[in-house]
Amino acid sequence: MVEAPVVVVGAGLGGVRLAENLRNGGYDGPITLLGAEQHPPYDRPPLSKTVLTGDDERVDLKPAEFFRDSDIDLRTGTRVVAVDPTSHTVSVECDGTVEPLPYGTLVLATGLAARRFPGSEGVAGVHVIRTVEDALALRAEATSASRAVVIGAGFIGCEVTASLHSMDISVTLVEPTPAPLSGPLGPRIGEMVTRLHVEAGVDLRVGVGVDEIVTEDGRAAGVVLSDGSRVDADLIVVGIGGYPELEYLEGSGIELADRAAGGGVACDGVGRTGVADVYALGDCANWHDVDGHGHRVEHWTHTVDQAAMVAAHLLGHAIPHQTVPYFWSDQYGLKFQMLGTPRPDDEVHLVDDDGRKFLAYYSREGLLTGVVGAGRVGKLMKARQFLLTPTPISTLLGG
Ligand SMILES: Cc1cc2nc3c(=O)[nH]c(=O)nc-3n(C[C@H](O)[C@H](O)[C@H](O)COP(=O)(O)OP(=O)(O)OC[C@H]3O[C@@H](n4cnc5c(N)ncnc54)[C@H](O)[C@@H]3O)c2cc1C
């Protein structure tokens with residue numbers, strides 16, 4: 001049950017949703033929402049899309065009056081630097097001073113930090129994209145850039161490539177695996193994504209890594225690839241993922257999951273850590289799912305689901321079932337969507353392909369595991385019902 005006061009560390013999507021769910025669920029005790037960033041809580045998916053292209057400045061998660069009207073004490077520019085479960089306090093740093101803040105229930109929702117290319121921190125012309133400052137700094141340089149290198153063709157690297165391409169920048173996308181997104185989605189879908197980038201005119205280099213970022217006069221001037229070739233660029237974007245930044249938990253006794261299992265704060269299936277009254281959710285959390293394995297997932301909808309589950313658990317309400325896992329990505333005017341838990345080694349059934357848009361079912365041991373599509377929103381969403389219960393793939397293939 002919820003012990004007052006509730007302190008939420010991290011004023012991003014998960015922290016805001018948790019606070020909102022507690023209020024909507026009837027909790028009327030104090031809630032303090034602590035956010036290291038200076039801004040009121042904002043949404044991250046637009047950063048690599050409309051914020052980068054200049055169609056949005058920042059997309060706030062809530063109107064300013066929401067926090068006042070909901071009696072949620074939002075403290076921006078406030079970083080938690082330590083947690084002491086014995087005294088039930090967190091150490092809070094704001095404007096250079098550190099003070100203790102007591103909690104009854106503590107919820108950790110501190111997201112990720114962007115992984116940097118070794119040695120590139122502070123080098124002019126090299127960017128990551130995790131915060132609104134990152135996105136605005138990249139946009140500011142992109143407006144006068146003509147050649148960019150994007151390192152890493154995961155979802156964010158692919159999106160940034162498409163956004164920069166739409167800004168008339170010639171982009172080289174570098175990916176060490178055989179195809180963009182082939183890591184999470186397998187080689188077949190990797191081919192479809194390759195097709196999109198190549199047809200758009202992106203210089204796609206797969207099967208090679210970046211050995212070095214070349215600088216001239218203290219500014220990035222290009223990269224040297226692992227095959228020895230050099231690509232010149234006035235802008236470099238590093239899209240090699242993120243990691244949960246959890247130094248503030250050192251010495252707290254709160255267990256972290258193994259790196260091999262994705263790292264993050266180790267939790268059970270409702271977000272409970274092994275330490276009394278401490279929970280974690282969102283990108284920083286590694287939850288044990290029904291399959292008994294720990295997973296850390298970096299998807300918007302997953303975070304929203306976990307915030308609902310933790311709130312329900314704290315309020316003693318029935319725990320809502322996790323919805324079917326869902327992820328989207330916008331590239332070249334197409335909506336990519338993924339439902340379920342497709343794995344790269346699953347069998348892939350390409351059921352629709354017009355040369356650009358496509359839909360594929362994934363199956364494992366004869367059962368549907370996921371659906372992936374581009375530009376096929378209606379068809380993909382229709383297949384969602386089949387992921388709610390174990391469904392033989394033959395049901396969808398008509399066999
Ligand atoms: C560029 C980009 C594009 C994305 N696009 C998509 C998409 O298209 N589809 C999709 O499904 N998902 C997308 N995602 C992922 C999605 O945004 C995340 O899954 C979601 O934001 C996770 O929410 P969170 O609350 O766990 O973490 P976050 O939103 O990262 O919030 C965590 C907050 O905690 C703060 N914090 C960290 N440490 C401390 C501390 N010690 N003290 C106080 N505050 C702290 C951070 O500053 C941050 O504001 C994207 C992410 C990025 C970066």
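**Reading the terms against the model**

Reader: Which residue in strand 6 is the bridge partner of Val 90?

Author: In strand 6, Leu 101 is the bridge partner of Val 90. This is a predicted model, in which local features need pLDDT of at least 70 and side-chain atom pairs count only at pLDDT 80 or more, while totals for chains, interfaces and linings use all residues. Residues are numbered from 1 along each chain as its sequence is written, and side-chain values use heavy atoms, with hydrogens and water left out.

Reader: What makes strand 5 and strand 6 pair, and in which sense?

Author: Strands are DSSP runs of E with at least two residues, and helices are runs of H or I with at least four, both numbered from the N terminus. Two strands pair if DSSP finds at least two bridges between them. Strand 5 (residues 89-94) and strand 6 (residues 97-102) have six bridges, in the antiparallel sense. Two residues lie between them in a hairpin, and Asp 95 in the turn has a positive phi of about 50°.

Reader: Why is helix 1 called largely enclosed?

Author: A residue is buried under 20% relative accessible area, exposed over 50% and partly exposed in between (1.4 Å probe, protein chains only). Nine of the twelve residues of helix 1 are buried, so the rest of the structure largely encloses this helix. Leu 18 and Leu 22 are among these buried residues. They pack against several elements, including strand 1 (6-9), strand 2 (31-34) and helix 8 (300-315).

Reader: What does Leu 22 touch beyond its neighbours in sequence?

Author: Not counting residues up to four places away in sequence, Leu 22 touches Val 6, Tyr 27, Ile 31, Ala 311, Leu 314 and Leu 315, where contact means heavy atoms within 4.5 Å.

Reader: Why is Tyr 248 called buried?

Author: Tyr 248 has a relative accessibility of 8%, so it counts as buried. It lies in the loop between strand 17 (242-243) and strand 18 (265-267). Leaving aside neighbours within four places in sequence, Tyr 248 is in contact with residues including Val 9, Val 83 and Leu 108. The C-alpha atoms of Tyr 248 and Val 90 are separated by 9.4 Å, although the two residues are 158 residues apart along the chain.

Reader: How is Glu 159 classified, buried or exposed?

Author: Glu 159 has a relative accessible area of 3%, so it is buried. Its place is in helix 5 (residues 155-166). Leaving aside neighbours within four places in sequence, Glu 159 is in contact with residues including Ser 48, Lys 49 and Asp 330.

Reader: Why is the pair of Trp 300 and Trp 328 called edge-to-face?

Author: Rings of Phe, Tyr and Trp (its six-membered ring) pair if their centres lie within 6.5 Å; planes under 30 degrees apart count as stacked, over 60 as edge-to-face and the rest as tilted. By this rule the count comes to five aromatic pairs. For Trp 300 and Trp 328 the centres are 6.1 Å apart and the planes stand at 70°, so the pair is edge-to-face. Trp 300 lies in helix 8 and Trp 328 in strand 22 (residues 326-331), so the pair ties together parts 28 residues apart in sequence. Trp 300 counts as partly exposed because its relative accessibility is 26%.

Reader: What is the arrangement of the rings of Phe 336 and Phe 358?

Author: The ring centres of Phe 336 and Phe 358 are 6.1 Å apart and their planes are at 75°, so this pair is edge-to-face. Phe 336 counts as buried at 3% relative accessibility, and Phe 358 is buried with a relative accessible area of 0%.
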